[in-house]
2 protein chains.
Amino acid sequence: MTNTTRIVLAERPHGEPKDSDFRFEEVALPEPSSGEVVLQTLYLSLDPYMRGRMSAAKSYAAPVEIGDTMVGATVSRVLQSTVDDFAEGDIVLGYGGWQTHSVEKAKYLRKLDTDTVPASTALGVLGMPGFTAYSGLLTIGNPQPGETVVVAAAAGPVGSAVGQIAKIKGARAVGIAGGPDKVKYLTEELGFDAAVDHRADDFAEQLKAATPDGIDVYFENVGGNVFDQVIRRMNLYGRIPVCGLVANYNLTSLPDGPDRTGQLMNTVLIKSLTIRGFIQTEFAGEQMPAFLDEASGWVADGSLKYREDVTEGFDNVLDAFRGLLAGRNFGKALVKIAD
Amino acid sequence: MTNTTRIVLAERPHGEPKDSDFRFEEVALPEPSSGEVVLQTLYLSLDPYMRGRMSAAKSYAAPVEIGDTMVGATVSRVLQSTVDDFAEGDIVLGYGGWQTHSVEKAKYLRKLDTDTVPASTALGVLGMPGFTAYSGLLTIGNPQPGETVVVAAAAGPVGSAVGQIAKIKGARAVGIAGGPDKVKYLTEELGFDAAVDHRADDFAEQLKAATPDGIDVYFENVGGNVFDQVIRRMNLYGRIPVCGLVANYNLTSLPDGPDRTGQLMNTVLIKSLTIRGFIQTEFAGEQMPAFLDEASGWVADGSLKYREDVTEGFDNVLDAFRGLLAGRNFGKALVKIAD
């Protein structure tokens, strides 16, 4: 019998999630049925979409119910297996959620090769965030050589991959991030052509200087003021893949007026823009094998770099998640739960 | 020497265009140079895009300068020709603008066959409005058999073609129009599956009842409250071609808050919607021949019906144009200037 410590949703958060919106519980896991394996969580992935799962509002996936364990992707070690495909000690990508141990169906797991890249990359650059960047940028953004691609939250796992893949495809990459350290990282470490600090007083002027030929592709994962400034610089026939709006996730009411919805639609009209929302699952069936193949090569040859922001210890999950929503992480947000 | 009476832009309108924003002038036309023809205007087309040309704001086409003749498509008779392709008496599609006579380059004219369909159709169902419907609906909207297509200003030349072409492609067509006569016309004359009155107090409920399976394609040419109600009923992966926003054209300030821009973007995200602005000229090079061929066949076999709202007399151009912006026309707005 294995015990798990888990974090369940106690109340639906209003605004920023509070400690009291959750409850830590220690319970015994059920014995695995045939086809199931028992796992110990090594890394838990923290991602902005999780804020949506805490709300009852209709979204692209069902909300987590009150009293249920918070969901999330995990890298885990097999403790006990009922199937031939997985043996004790194997490291796997699963969806164990916010807990120290889990029982999962083997058919939903993917065994990870930990010889060539660290297992944690399966939650970041070679996982859902990397694939979100790859599929949204290439399928919707369709950047052409010499075009300008702008991405916000550019030091995060999605944004950093967007900019680097744009470069690989011959486009000009401009990153937007919060604070001088992240901005410096984008140009000096990741090879972005330019980077802009959205917290700077002269953000609009910086953005203008960084995009002298306008913007052809804006990969939207933030919303808010960044979007307001970017949209003014979009070129004719510009494309805007929308995979997230983290600036809005903790809002408890609509911002004050005037209502600029009509103004946005007018810009879409006069510039013949495309705005396209997407969730990476739409493209996973068709494109995931090609992504894993290509992106692994890019990671290996150094053209796709990544950075992880690892919080140690299961007790710190909630602080780390609040930090993610506020942009305090620097790299892919992970919680290390066991060695 | 031929004289023309023309309407020039005297001032940029603030809100609804006033008589004093324009000036009628009678002037002598220049003698035609080689390659030019002298034309008498028979029909002037009035279209919502013209309101944009009266403003100095940057748009997809340059504004009409103060003192210049207002632009517009025309069906005209050749009075004098310097080229072999056109003879006196030929009826042509041109871009003579708001005037009774014009001198135009022959290479921009298209000779009209008036035996099979009335010449005025070149300004409506077989002209720019019809092609706007055809290219935007089929290229961006891409309606599949059984899907629901909704279009506003559905009794107008673009909207009526959108609905009927949707039907031809096997989709369900739902029209939105202002007032019971137009609503009745859509279902009883044009064969729309349902029609809804946006002026009715229970518009939202009517729309819901008319779209029990949600909305897959919304062809946007109106904006405002209609858009607000439609977007709530969009299905996953819905497509929104945007060719006009007539509800906004006379606005002199942004509407009061709250600001719902973020809410719109959130809907785009959670429903994986595509919003795509376009001007028909983007597709004209590739698709115009196919359109003229297909649409002429549909008009001939009765599957693509049209209606014209003809104002008699050049003196009434301004009233007719204000009526168009307010939705008082019922069918393609034309001004008949000569027999």
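Mentor: Two strands count as paired if DSSP finds at least two bridges between them; helices (H or I, at least four residues) and strands (E, at least two) are DSSP runs, numbered from the N terminus. The structure is a predicted model, in which local features need pLDDT of at least 70, side-chain atom pairs count only at pLDDT 80 or more, and totals for chains, interfaces and linings use all residues. Residues are numbered from 1 along each chain as its sequence is written, chains are lettered from A and ligands numbered from 1 in the order in which they are written, and side-chain values use heavy atoms, with hydrogens and water left out.

Trainee: How many helices and strands does chain A have?

Mentor: Chain A holds nine helices and 15 strands.

Trainee: How many bridges join S8(A) to strand S9 of chain A?

Mentor: S8(A) and S9 (residues 172-177) run parallel and are joined by four bridges. One of the residues involved is A:Thr148, whose bridge partner in S9(A) is A:Arg172.

Trainee: Which residues of strand S8 lie on each side?

Mentor: Buried means under 20% relative accessible area, exposed over 50%, and partly exposed in between (1.4 Å probe, protein chains only). In S8 (residues 148-151), A:Thr148 and A:Val150 lie on one side and A:Val149 and A:Val151 on the other; all are buried, so that both faces are covered. Across chain A, 55% of the 339 residues count as buried.

Trainee: What share of the contacts in chain A joins residues 24 or more positions apart?

Mentor: A contact means heavy atoms within 4.5 Å. Of the contacts in chain A with a separation of 6 or more, 67% are between residues 24 or more positions apart.
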